[in-house]
Amino acid sequence: MRTRARRLAAAAAAAGLAAAAGGCGAGSASAGGTTVNWWTWDDKQAAAYQTCADTFEKDHPGVSVKISQYDVNDYFTKLLSGFVADTAPDAFMNSGQFFQQYAALGQLEPLDGYVKESGLDLKRYATGTGSYRFTDGKLYALPMDWATAGLYYNKDMLTKAGYTAADIDDLTWNPDDGGTFGAMIAHLTVDSHGRRGDQPGFDKKHVEVYGIGALGVQDFTGQTSWNPLVSTLGWRMGDKPQWPTAFRYDDPRFVRTMNWVRKITDKGYAPTEGEFTSAGNAPSSSQLLGSGKVAVAADGSWSATQYPDIPKLHFGIAPEPKGPTGRRAAESNSNGNMIWSGSAHKDLAWQWVSYQESEQCQTAAGRSGTFFPSISASMDASAAALKKKGVDLSSFIDAQKSGALYPVPAYGNGTAIQKTVQPLLQSFFAHDRGDDVFPQIAAETRKLLAQRDD
């Protein structure tokens with residue numbers, strides 16, 4: 001009965017989805033032994049964890065691990081379709097945005113029993129596990145990695161403008177005058193006549209180099225744009241650390257920050273959202289920095305591996321600015337490693353997942369330098385690998401170790417919230433709406449948070 005109910009719930013959620021799951025999903029037994037299937041959308045992590053899979057297979061004779069990677073645009077549709085058809089993988093990487101939906105559908109296996117029996121110490125994870133405890137109090141995932149935001153900058157442009165690495169490492173910000181962060185953005189901006197943003201005669205209609213990339217909409221959480229700014233004011237998106245009932249978009253601190261972001265865009269110091277998009281394709285922040293269109297790019301830690309591949313770009317990575325209290329603050333998120341409740345090989349799936357989450361595996365996979373391991377002790381391997389490529393991760397690591405990062409909350413209806421909030425924020429930055437839009441956003445999200453995501 002439980003299996004039938006789970007499949008019916010998944011079928012309802014997948015109704016209207018055109019894509020179908022491809023290939024074999026759930027673990028299978030054959031004459032050659034048992035196969036544990038694990039899925040991810042990240043090609044780099046798929047390759048990195050293959051090293052762990054090879055070791056795991058040697059230690060578990062008769063067991064093989066099949067790692068499958070699908071494009072992120074198809075990945076979550078394939079998962080839902082797999083739930084319906086009973087062909088989902090034994091275990092898989094999942095985004096926090098879809099956590100509630102899958103848990104509410106009964107598609108996730110609780111891990112508390114496995115954790116207790118194995119003696120796994122949850123305190124070793126850098127990001128904590130609170131974001132993957134469902135409303136029933138049960139743990140449904142182990143954190144695979146962690147990520148946050150930073151300031152990537154063009155070293156040559158900074159030097160030409162009279163700044164040093166020490167200057168950008170020690171920036172301050174406030175929503176009134178922007179602090180030294182706002183002053184630097186203005187000075188780094190250059191118009192077609194070579195005049196800087198803080199010089200007389202600056203022409204904001206003909207900007208050659210923006211001081212910073214777009215800080216407007218991007219996404220409704222603002223992780224790589226406005227979140228590290230407003231967070232320094234003590235603002236947090238939810239009214240509770242986990243499973244909030246309201247998103248505080250109407251908080252005066254948030255409203256003031258959004259007005260500051262809109263103001264620097266209006267002044268010509270930052271491009272409008274989508275300004276460089278052509279034929280539906282938007283260049284990455286690393287491409288904009290490399291092309292000389294922007295001097296500084298607020299970007300995610302996961303993008304660090306892209307910057308060394310940009311020709312002739314001399315770049316550095318700085319921490320986000322300090323707020324009025326002299327402290328930094330920003331959210332940090334983690335992808336979760338989950339076991340499908342319909343797996344025929346849950347115990348083996350747990351052995352594989354828990355091995356992936358071990359220091360041995362995380363260190364081995366982390367040497368690829370393609371992700372930030374969830375275990376702090378394994379982070380050194382990633383940092384060392386990227387340092388050989390000229391990427392200094394110290395600003396991210398310092399933020400994590402100093403306590404400047406806080407976990408993104410778990411919440412429901414993420415897809416619906418995104419579709420609702422982003423157009424309203426766009427209307428604000430386009431000057432189609434004023435501050436009256438923020439109470440509306442808060443009210444809309446409150447209603448959506450109260451709804452189940454199944």
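Tutor: The buried residues of α13 are covered by elements that include α2 (43-59), α12 (346-356) and α14 (376-387). Those buried residues are C361, Q362, T363, A365 and G366. Keep in mind as we go that this is a predicted model.

Let's stay with T363 for a moment, which sits in helix α13 (residues 359-366). T363 counts as buried because its relative accessibility is 18%, and the cut-off for that label is under 20%. Its side chain has a polar atom 2.7 Å from the backbone oxygen of E359. An α-helix has 3.6 residues a turn, so residues three or four places apart point the same way. Leaving out residues up to four places away in sequence, T363 touches S378 and A381.

T232 lies in a loop, the one between α9 (227-230) and α10 (252-266). T232 is also buried, because its relative accessibility is 8%. For a sense of scale, R196 is 36 residues away from T232 along the chain, and their C-alpha atoms are 28 Å apart.

W243 is found in the loop between α9 and α10, and its phi is near 50°, a positive value in a residue other than glycine. Most residues other than glycine have a negative phi, and most peptide bonds are trans. W243 counts as buried because its relative accessibility is 15%. K312 also has a positive phi, of about 65°, although it is not a glycine. K312 belongs to the loop between β9 and β10, and with a relative accessible area of 81% K312 is exposed.

Three strands form an open sheet in the order β9-β6-β10, with antiparallel pairing. The edges are taken by β9 (296-300) and β10 (315-318), each with a single partner strand, so one side of each has no neighbour in the sheet. From one strand to the next, the twist averages 30°. Strand β6 (residues 149-154) pairs with β9 in the antiparallel sense over 5 bridges, and A149 has G300 in β9 as its bridge partner.

Setting aside neighbours within four places in sequence, the contacts of V296 include L151, Y152 and Y153. Also among the contacts of V296 are L158, I168, L188, G211, I212, G213 and L289.

Another set of strands meets at β4. In strand β4 (residues 91-94), A91 and M93 point one way while F92 and N94 point the other way, and all are buried. In a regular strand the side chains alternate between the two faces of the sheet. Strand β2 (residues 33-40) runs parallel to β4 and is joined to it by 2 bridges, with W39 standing opposite F92. The pairing of β4 with strand β12 (residues 336-339) is antiparallel, over 4 bridges, and there A91 has I339 as its bridge partner.

Finally, a word on confidence. The mean pLDDT of the protein is 90, and 92% of its residues reach 70 or more. Over residues 14-25, though, the pLDDT is below 50, and this stretch has 22 contacts in the model beyond near neighbours in sequence. Where pLDDT is low, the predicted coordinates should not be read in detail.

Definitions and conventions
Residues are numbered from 1 along each chain as its sequence is written. This is a predicted model: local features need pLDDT of at least 70, side-chain atom pairs count only at pLDDT 80 or more; totals for chains, interfaces and linings use all residues. Side-chain values use heavy atoms; hydrogens and water are left out. Buried means under 20% relative accessible area, exposed over 50%, partly exposed in between (1.4 Å probe, protein chains only). Two strands pair if DSSP finds at least two bridges between them. Axes are lines fitted to C-alpha atoms, for helices over the stretch in contact, and angles run from 0 to 180 degrees between N-to-C directions. Contact means heavy atoms within 4.5 Å. pLDDT is the predictor's confidence in each residue, from 0 to 100. A polar contact is a pair of N or O atoms within 3.5 Å; within protein, one must be able to donate a hydrogen and the other to accept it, and residues adjacent in sequence count only if both atoms are side-chain atoms.
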